[in-house]
Amino acid sequence: MCLSGTLEDKLAAVAAAGFDGIEVFENDLIATPWSPAEVAARCADLGLSIDLYQPFRDLDSVDEEQFGRNLRRAEAKLDLMVALGADTVLVCSSVGDDAVADVDRLAGQLHTLAERAAARGLRIAYEALAWGRHVSTWDRSWEAVRRGDHSALGLCLDSFHVLSRGSDPTGIADLPGEKLFFLQLADAPHLNMDVLQWSRHHRLFPGQGGFDLPGFLGQVLAAGYSGPLSLEVFNDVFRQTDPARTAVDAMRSLLALEEALAGRDPRLPERVRLSTLPPAPPVAGYAFTELAVDGVSGPVIATALATLGFTHTGQHRSKPVQLWEQGRARVLLNAAVVRSDGAGAAAISALAVETADPVASAARAEALLAPVLPRSRGATEADLAAVAAPDGTEVFFCRAGADWLTDFLPTRSRPSPSAGLTHTDHVALAQPFDHFDEAALFYRVVLGLQPDATTEVAAPFGLVRHRAVTDSDHTVRIGLSVALLRRGEWAPGVPDPQHLAFATDDIFATARALHAHGAPLLEVPANYHDDLEARLDLAPETLAAMRESGVLYDRDEHGEYFHLHTHVLGSRVFFEVVQRIADYTSYGTVNAPVRMAAHRRLRMAGPKR
Ligand SMILES: O=C(O)c1ccc(O)c(O)c1
Ligand SMILES: [Mg+2]
């Protein structure tokens, strides 16, 4: 269910991603030209077991004649399973008006089916759908299975059905492990909506939504469950995405789930063997960020960096790459990266984090199925490990102390007067809607970061969702944004451009320096500061300074945030300058609509490309 395409497409994708087995969904089997025996053979060739056949719906009935017909239908499926080599069938709780309410009568009908299954050496796994007519909670499905009292009758637990209803999974640990026949895992964002629609359209892989999957899995394993961890994710985007890509995303989520559980519950039973991902070495800030530029955008960006107080300090020995520095902030302008953004564009092409152990960081990324990038370097150049993020951004791992800097020959450029920028505060990457959750999981897990809360703002070209990931010391912050919908020709292709944000200890001194050097700064409407004045008790002189220099403002319970922005440069990127006061944890996202409106005004006024 997680994957797009036909059964043939799906099998190839899951095998390539390293899965051990599959659930076969009835619709896929019906639509394949392969006989059940041929499906079994194909799976065996690929090293895949068929762990579940599903689903069997609406088995029980208060109408005994109807139950008899249901039983005949079930027996046909049991025979099919024998040919398929699948030993467990999923029976989900009934939704029809004739569903059996009396738990003993329901148990009796399940018992009858279990006898038919046992005669063929098969098993029945009974699952409570959250919208089942009379059975919609795990404890009620357990009651029916317990009373059904047959060795071929057990429970299928599905994290979505348990957690979406806010049910307490704590008691699951007390269930007899041998009665847990199957486990389905799915995460989901917290939404207030009809639970069936929520389940069929918005499920996500573990770690991509808001449910406590490690806590849930811990309960199930503590009960003694020893079967497969199966992903059952109904999701409108995944249904249309290249299944090879989705399968990798899925496997990454499982590896991360195992690690999260091991970290949380060191007293797991000994028989539970969790993944041994290489731990994430601590990160210590950005070594550099890189912009891909061309002959048009390169000089535009270089000029802007100079007005921001950066100096062109180095030229790469063998590649058309410039190094620009200010404080600990380093930006590379790379004219050798071929991208599809169009002539005159610039884009964030790479970010490099300093880690305590770059080799271990790269090994972890590889274990998490990140594509390792081929290296092309001269004999004396630093050997930087890099992987590709889902959005195409290259992620480099560098040792503290920056030995890669020796790849650059010093230039004799006249130093730009500093504007007081100290380091890179964050990198903000706009994501295509279809890969937002995948990217958030990737950056968080590969780099060993934690997620911040997700926020949404109403911007000139539609709602924009933001989610950031960061390390506990906030040395590496990555902000991800996504337009929740993109339709028609009116709105820009990427409504929210990428940006690099640099930190200063004195936003107003920096603002004065930038104005003096002619930096292309964004003008902020007076209405914005009037609103701040009405809402907040800011000191009049602070407000006056903000008005004068186009500084925006936000605060949270931990501190304050002052920030300003440049024009969009090279059609795709801009720079931000930020000052964080105390422990402000966010990114001034509330102000993004004002910034985006100002960028829009400039696009209208500017030269047409
Ligand atoms: O949406 C459904 O019908 C459906 C079917 C089978 C499942 O295991 C499930 O969780 C949901
Ligand atoms: Mg299920």
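This briefing covers a ligand shell, a set of annotated positions, a hairpin and a helix. The model is predicted: local features need pLDDT of at least 70 and side-chain atom pairs count only at pLDDT 80 or more, while totals for chains, interfaces and linings use all residues. Residues are numbered from 1 along each chain as its sequence is written, and chains are lettered from A and ligands numbered from 1 in the order in which they are written.

**Ligand 1**
- The residues around ligand 1 are Gln54, Pro55, Leu90, Cys92, Glu127, Leu129, Asp158, Gln184, Ser199, Arg200 and Glu232, where a residue is near a molecule if its C-beta atom, placed from the backbone, lies within 6 Å of it.
- At least two shell residues come from each of β2 (49-56), β3 (88-92) and α8 (195-201); helices (H or I, at least four residues) and strands (E, at least two) are DSSP runs, numbered from the N terminus.
- The shell has four nonpolar, three polar and four charged residues, with Ala, Val, Leu, Ile, Met, Phe, Trp, Tyr, Cys and Pro counted as nonpolar, Asp, Glu, Lys and Arg as charged, and the others, Gly among them, as polar.

**Annotated positions**
- An unreviewed UniProt entry places the feature "binding site" at His426, His499 and Glu576; such annotations may be inferred rather than shown by experiment.
- These positions are spread over 151 residues of sequence but cluster in space, with a largest C-alpha distance of 9.2 Å.
- His426 lies in strand β16 (residues 421-430) and is buried, with 21 C-beta neighbours inside 10 Å; buried means 20 or more other C-beta atoms within 10 Å of a residue's own, with C-beta atoms placed from the backbone.
- Beyond four places in sequence, His426 is in contact with Arg477, Ile478, Gly479, Ala501 and Tyr587, contact meaning C-beta atoms, placed from the backbone, within 7 Å.
- Glu576, in strand β24 (residues 573-582), is buried because 21 other C-beta atoms lie within 10 Å.
- Not counting residues up to four places away in sequence, Glu576 touches His499, Ala501, His563 and His565.

- Strands β13 (residues 385-388) and β14 (residues 394-399) pair in the antiparallel sense over four bridges; pairing requires at least two DSSP bridges.
- Val387 has Val395 in β14 as its bridge partner.
- Five residues separate the two strands of this hairpin, and Gly392 in the turn has a positive phi of about 90°.
- In helix α12 (residues 358-367), Pro358, Ser361, Ala362, Arg364 and Ala365 are buried.
- Down the axis of α12, these buried residues fall within an arc of 160°, so they line one face of the helix; the arc is that of the directions from the helix axis to the C-beta atoms.
- The buried residues of α12 pack against β12 (347-355), β13, β14 and α13 (436-447).

Technical notes: Buried ≥ 20, exposed ≤ 12 C-beta atoms within 10 Å, placed from the backbone. Contact = placed C-beta atoms within 7 Å.
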